[in-house]
Amino acid sequence: MIAPLPSGLTPLALIPENLFALVVTHPLGSLLPRATQVQHMLERLDKGKAPLPGNWLNSSTERRIRQLLMRSGALDYCTQTPEVAQAVVQDILLALEQVELSWPTTAGGLTLHGTPADHAEIRARARHTRAELNKLAEQWQHRVSLWQALDQMAEELGIAPAIGTDQNSGQLRDRAWFDLLRLSQWVAQIQPLQRLLQLLGQQRPNPEQSASLSQLKQQMSPKEQGPQERKIPGIPMETQGITRSDNLARMLPLEAAFMGHEVLHMLWHARRAEQGLLSYAVAGVMPIDSGNDWPSPRSGKGEGAGQGLQQGPIILCLDTSASMHGMAEQVSKALVLEALRLAKKQNRACLIYLFGGADELLTLDNQSLTLPELLDMLRGSFSGGTDVNTPLLAALQRLQLQDWQQADILLVSDGEFQVDAALRQQVDHAKEQQGVRLFGLQLGYATALHAMSQLCDPVHLFSDWKSLEQAARLQ
């Protein structure tokens, strides 16, 4: 059992473990004032506020640090995020430590040139403090701009941003963020993938517009159901009076007298063109089945964006086997980002199955996806075997749910797998009985199309690696 610290060292007990050694061994100032001020800084940063003056740093250095924190925008990201606050304090401690290691050499040079020792120390400290804080400002500016870009990206993908630390290295996930931003910019140049995703999801009536149509039907349809008689004008069953028209069969004899006049016949032609001839008004009665007046709208197939229709969910089955390593892996990850972005933009559900060998299946659902989960996927490397049974059976099972019945499936692979006869039978049955559409995207060359074509229709071949490599080098 670890003995408690003496009462005089109580401030050290509050220091986070990842900062403890740095605080204890720091060369600037005394231990207790330093520990007290560090704990105060952490508490203020957690509230999104700049630290107040303390007994550790001189007023000039404290003022510079406060200005740096407020101007950089780091305070917003420290609020209720202890990992970020600790990283910011760690940066400050390391910068001040570098000042303490550097200023004696500079002060010694100034002393040799006749500067008094006390003035040389002040000038050397000030010079190195400015230099280190300027470096810190550039570092924070870069990091904050990265966080802002990540916030925007998370909003576009429909996931909540979560800025934290990597449990393995203890550093902020800059590399994964860079991958996320790079792929999001890169995917904008892959037009074939975007067009393919637009095809997914059978169109269905928009619930809001369907509700309006239902209310309109209720107001305009007859109260009674079944066959009824409805009076329709223009049907010559009975005469109801006089009207104006251009119908010669119902024209009054008075109008016919104008036709033979040498001057007034021009007036007759003008009145006929304007449908202004005096005519008998007729009407008739027809049986109408009110139950069939308004046919219900039917779902389309998703090739267009009809008014009042919205597209259904997206199910993406992504091969993560070892044969997909390299450029195919980058295209696959870019496709995941674009699917999430499109689903968020069009308010659609999106389910992603990452599959490998037998019973290896990872599911990402945009309704519950978190940023750490997405970053873990981007940082991972594809490896293992290929078993398409597990993801496709899971996708077919998901299509049984009410909210997913109009979803389409996209299988992304290099085609290096075997098709089980039982799986093919289930896929064919789902296509025939439920109208399921299973698209295929083959990342490779046409020599491996046989397996994909047994399951998918149509199969889209994507093998323009040269243009993608050029686009990747531009990022």
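Mentor: Two strands pair if DSSP finds at least two bridges between them. Helices (H or I, at least four residues) and strands (E, at least two) are DSSP runs, numbered from the N terminus. This is a predicted model, in which local features need pLDDT of at least 70, side-chain atom pairs count only at pLDDT 80 or more, and totals for chains, interfaces and linings use all residues. Residues are numbered from 1 along each chain as its sequence is written, and side-chain values use heavy atoms, with hydrogens and water left out.

Trainee: What makes β6 and β7 a pair?

Mentor: DSSP must find at least two bridges, and β6 and β7 have five, in the antiparallel sense. Ile352, for instance, has Leu364 in β7 as its bridge partner.

Trainee: What is the strand order of the open sheet of six strands?

Mentor: The order is β7-β6-β5-β8-β9-β10, with mixed pairing.

Trainee: Why is one side of β7 and of β10 left without a neighbour in the sheet?

Mentor: β7 (361-365) and β10 (459-462) each have a single partner strand, so they stand at the edges.

Trainee: What makes a set of residues a nonpolar core?

Mentor: Its members are buried Ala, Val, Leu, Ile, Met, Phe, Trp, Tyr and Cys residues joined through side-chain atoms within 4.5 Å; buried means under 20% relative accessible area, exposed over 50%, partly exposed in between (1.4 Å probe, protein chains only). The largest such core has 37 residues, of which Leu410 and Leu441 touch the most other members. α13 gives the most to this core, with nine residues.

Trainee: Which residues are in contact with Leu441, leaving aside its neighbours within four places in sequence?

Mentor: Contact means heavy atoms within 4.5 Å; among the residues in contact with Leu441 are Leu193, Leu335, Leu410 and Phe462.
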